[in-house]
Amino acid sequence: LAIDLVQVETCVTCSQPTALSAFNLTDSSASLTWTAGGMETGWNVVYDTLGFNLYNGTSNAVTNDTLAISGLSANTTYEFYVQADCGSDTSAWTGPFSFTTPCNIITDFPFIENFDDTSSSRSCWGNIQEVGSADWTYNVGSSGGSITAAYNGTKNAVFVSQYTTNPNSPTTKLVSPTFDLSSLLAPRVKFYYGQEDWFSDQNFTRLLYRTSPSGSWTEIWADSSSVNTWTQV
């Protein structure tokens, strides 16, 4: 005779919600949703920033399977739990489900990004992989050659083609936060770049913009020459 892992607990007849999700994300709000676990028509929802204690978060009792929340902080990761309320019983908690609010739209100029670890806006930049799977990262100088230090500060954005593992000439956009340029009469962008020829492997740098997240990109500058020192554009 052998007995193992005996557990004594309350008999729960109220099924847990499933399929937690978040949508309509803005820099200060979100809509939380889930799927009912059974026939319940009420739920308890608790949310707060990533890693919060379930019993110390912001709590809401709702009768719809969607909850709109506001007063959030931009560029911040939150998570939430949901519990079904069956009247005479409640389910176990489901979660956490995490989501991250987008960054604030940049309205104060001049805006400067040096890509240092101390930058409050660096995490608002993202990668869009067009060909292959290489990403822009943040390091000191380039991956080899003459540029061995950042132009300003301690780090800079760097793209390594990694031809041996990505032979299809990977192409990736490094995408900035959104800028509201309506307060500027003659907006311009200035940056420093380098792209030294590496044993006949030459990168191609382009500057593009778009006016909406779903809009098409317009190229306003490009260069495919070998540039072995930080050069201003």
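Predicted model: local features only at pLDDT ≥ 70, side-chain atom pairs only at ≥ 80, totals over all residues.

Student: Which cysteine is joined to Cys14?

Tutor: Cys14 is joined to Cys86, with an S to S distance of 1.8 Å. The pair links distant parts of the chain, since Cys14 is in the segment before E1 and Cys86 is in the loop between E6 and E7, 72 residues apart.

Student: And what is the handedness of the disulfide of Cys14 and Cys86?

Tutor: The torsion about the S-S bond is about 75°, so this disulfide is right-handed. As for accessibility, Cys14 is buried with a relative accessible area of 3%, whereas Cys86 counts as partly exposed at 33%.

Student: Changing topic, in what order do the strands of the open sheet come?

Tutor: Four strands form the open sheet in the order E4-E3-E6-E7, and their pairing is antiparallel. Strand E4 (58–62) and strand E7 (94–100) have a single partner strand each, so they stand at the edges and one side of each is left without a neighbour in the sheet. Neighbouring strands of the sheet are turned by 25° against each other on average, if direction is ignored.

Student: How many bridges join E6 to E7?

Tutor: Five bridges join strand E6, residues 77–85, to E7, and the two run antiparallel. As one example, Phe80 has Phe97 in E7 as its bridge partner.

Student: Which peptide bonds are cis, around Pro96 and Pro110?

Tutor: A cis bond joins Gly95 and Pro96, with omega about 5°, and Pro96 lies in strand E7. Another cis bond joins Phe109 and Pro110, also with omega about 5°, and Pro110 has its place in the loop between E7 and E8.

Student: Then what about the phi of Ala19 and of Phe115?

Tutor: Ala19 has a positive phi near 55° and is found in strand E1, residues 18–23. Phe115, which is not a glycine either, has a positive phi of about 65° and belongs to the loop between E7 and E8.

Student: Is Ala19 buried or exposed? And is Phe115 buried or exposed?

Tutor: Ala19 counts as exposed, at 52% relative accessibility, whereas Phe115 is buried, with a relative accessible area of 13%.

Student: One more: which residues is Arg122 in contact with, outside its sequence neighbours?

Tutor: Leaving aside neighbours within four places in sequence, Arg122 is in contact with Glu113, Phe115, Asp116, Asp117, Tyr138 and Lys155. Arg122 lies in the loop between E7 and strand E8, which covers residues 126–131. The relative accessibility of Arg122 is 17%, so this residue counts as buried, the cut-off being under 20%.

Key: Residues numbered from 1 in each chain as written. Heavy atoms only, no water. Pairing = 2+ DSSP bridges. Axes fitted to C-alpha atoms, helices over the stretch in contact; angles between N-to-C directions. Buried < 20%, exposed > 50% of the residue type's maximum accessible area, 1.4 Å probe, protein only. Contact = heavy atoms within 4.5 Å. Disulfide = S-S within 2.5 Å.
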